[in-house]
Amino acid sequence: MRLRKILAICLLNFFVFTLTSINAQKVYKPTWESLDAHEIPKWYEDSKIGLSLHWGVYSVPAWAPRLNGISYAEWYGNRMKDPKNPTYAYHLENYGLTFSYDNFIPQWKANSYNPEEWAKFAKQMGAKYIFITSKHHDGFCLWPSKYTDRNAFKMGPEKDILGHFFAAARKEGLKVGLYYSLYEWYNPLYTGKEIPYAGLKKVTGYVDDFMIPQIKELIDLYHPDFFFFDGEWDHPESFWKMKEVVAYYYNEAEKRGQSVFVNDRLGKGERGKHGDLYNVEYGYDNESEGLLSHKWSYWQGIANTFGYNQDTNLEDCLSPKQFIDKVIMGVSQNGNFDINVGPTASGLIPDYEQYPLLELGKWLKINGEAIYDTRYYDIQNEGDAYFTAKNNYVYAIYLKWQGEEFVLKSLKPVEGSKITMLGVPGELQWKWNETDGLIISYPNHKSRPTSCSYAWAFKIQVK
Ligand code: H79
């Protein structure tokens with residue numbers, strides 16, 4: 001009898017223990033140790049391609065000089081005040097000395113704002129997630145923040161831009177995130193300099209009473225799937241208290257069972273150290289960087305600007321081939337590609353920005369199998385062939401057409417392996433030997449397959 005009772009208690013304990021551990025949420029603490037244990041969501045690793053948008057008051061003047069091909073048109077509000085920068089002269093000529101940046105606010109009408117179109121476009125180009133500037137360095141907010149009237153609901157467009165954005169993107173099945181700039185160039189709360197700043201509500205501390213509450217407000221209102229923070233470089237993490245912010249974000253997401261991530265811009269000197277992914281903004285040297293064992297993402301404007309720049313020529317834009325090559329090279333090195341477009345003030349994505357992205361979408365319709373859900377392979381590339389891996393397969397994606405024979409010294413298929421080229425029906429003949437490696441023949445077609453004209457992917461069983 002006694003034994004039975006003990007057994008029953010044991011059993012009960014077992015159930016209670018199991019049930020509570022199933023329901024147990026991870027709780028993150030505001031320490032690097034705790035936050036570093038957070039894992040990047042599988043959905044992000046699988047997704048590979050995302051669409052980033054920079055849209056705001058700066059989309060009205062929409063101008064910046066180009067330096068080595070790159071422009072930062074979203075920096076207008078800062079550069080217009082620097083007599084050494086061409087933006088100063090441009091502003092003087094077009095608007096005059098007394099026209100302040102905040103005078104652009106009422107001119108931002110966002111008349112053609114149609115986030116459903118943007119979300120559909122993102123899907124067409126093959127992106128699995130989308131994100132937008134909730135607030136850039138100019139401090140203008142794209143949501144009805146209760147902490148400032150400097151927002152698109154109270155001024156300018158008079159719309160809850162983020163509310164519509166989240167609804168539209170989620171309706172299309174995209175993950176949705178936000179860009180948020182920690183610093184603001186001219187916010188008197190931040191700089192301590194009393195200057196006119198449209199919409200400002202006076203509180204005591206920028207970080208404690210404004211920035212942190214704003215980020216929490218965004219989390220609570222929209223449950224974003226991720227954050228790309230920026231503008232962290234003025235101060236260390238201890239100033240911004242981003243460990244607290246990220247712990248709050250992770251814990252709120254845990255409660256909802258949501259898999260979220262943040263980038264590594266969490267304080268001066270912290271890039272490449274913490275956060276779920278490391279952000280590379282422009283300039284990544286494909287050959288020397290090699291394998292990056294930490295998840296990273298490549299972030300750049302397709303037209304080499306983030307915000308809309310009216311002074312963009314076709315040659316300022318990546319061509320479809322340049323862009324698709326970069327995507328392939330990045331993915332083979334454990335990267336995602338977060339490509340940015342800058343809609344016009346009214347809300348249209350310029351045609352020259354759409355074109356390369358839509359070409360990527362077409363390429364992915366055939367070759368997506370070699371990109372999505374893959375992981376990096378032991379070797380990133382062999383000459384013009386870049387590798388990705390999934391299950392028992394390696395995909396060798398050639399950036400250049402080779403002719404009738406494709407030679408790969410670094411791959412050994414399993415015996416009897418079928419080798420195919422994505423988009424081309426039928427098996428290809430191949431042979432392998434110790435000296436020459438793998439030789440795939442492409443004899444049935446004297447010319448390139450018409451399925452694609454940018455890059456060609458072989459599917460090879462290696463396990
Ligand atoms: O939001 C986009 C950029 O505005 C922001 N990050 C991406 C995602 C960014 N802020 N600063 N930087 C990128 C790099 C700094 C560039 C600068 Fe300059 C060089 C600031 C001053 C000199 C380029 C030239 C921008 C303004 C003048």
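Close-up 1. Arg 150 counts as buried at 2% relative accessibility, where buried means under 20% relative accessible area with a 1.4 Å probe and protein chains only. Arg 150 has its place in the loop between strand 2 (129-135) and helix 7 (161-171), helices being DSSP runs of H or I with at least four residues and strands runs of E with at least two, numbered from the N terminus. A polar atom of the Arg 150 side chain lies 3.0 Å from the backbone oxygen of Asp 138. The model is predicted, so local features need pLDDT of at least 70 and side-chain atom pairs count only at pLDDT 80 or more, whereas totals for chains, interfaces and linings use all residues. Residues are numbered from 1 along each chain as its sequence is written, and side-chain values use heavy atoms, with hydrogens and water left out.

**Close-up 2. The residues around the ligand.** Of the 14 residues around the ligand, those that come nearest are His 54, Glu 74, His 136, Asp 230 and Glu 281; a residue is placed here if one of its heavy atoms lies within 4 Å of the molecule. An oxygen atom of the ligand is 2.6 Å from an N or O atom in the side chain of His 54, and an oxygen atom of the ligand is 3.0 Å from an N or O atom in the side chain of Trp 75. For Glu 281, a side-chain N or O atom is 3.1 Å from a nitrogen atom of the ligand. The shell divides into 6 nonpolar, 3 polar and 5 charged residues, with Ala, Val, Leu, Ile, Met, Phe, Trp, Tyr, Cys and Pro counted as nonpolar, Asp, Glu, Lys and Arg as charged, and the others, Gly among them, as polar.

**Close-up 3. Two cysteines, Cys 141 and Cys 317.** Cys 141 is buried, with a relative accessible area of 0%, and Cys 317 is also buried, with a value of 7%. A search of the whole structure finds 0 disulfides, a disulfide being a pair of cysteine sulfur atoms within 2.5 Å.

Definitions and conventions:
Buried means under 20% relative accessible area, exposed over 50%, partly exposed in between (1.4 Å probe, protein chains only). A polar contact is a pair of N or O atoms within 3.5 Å; within protein, one must be able to donate a hydrogen and the other to accept it, and residues adjacent in sequence count only if both atoms are side-chain atoms.
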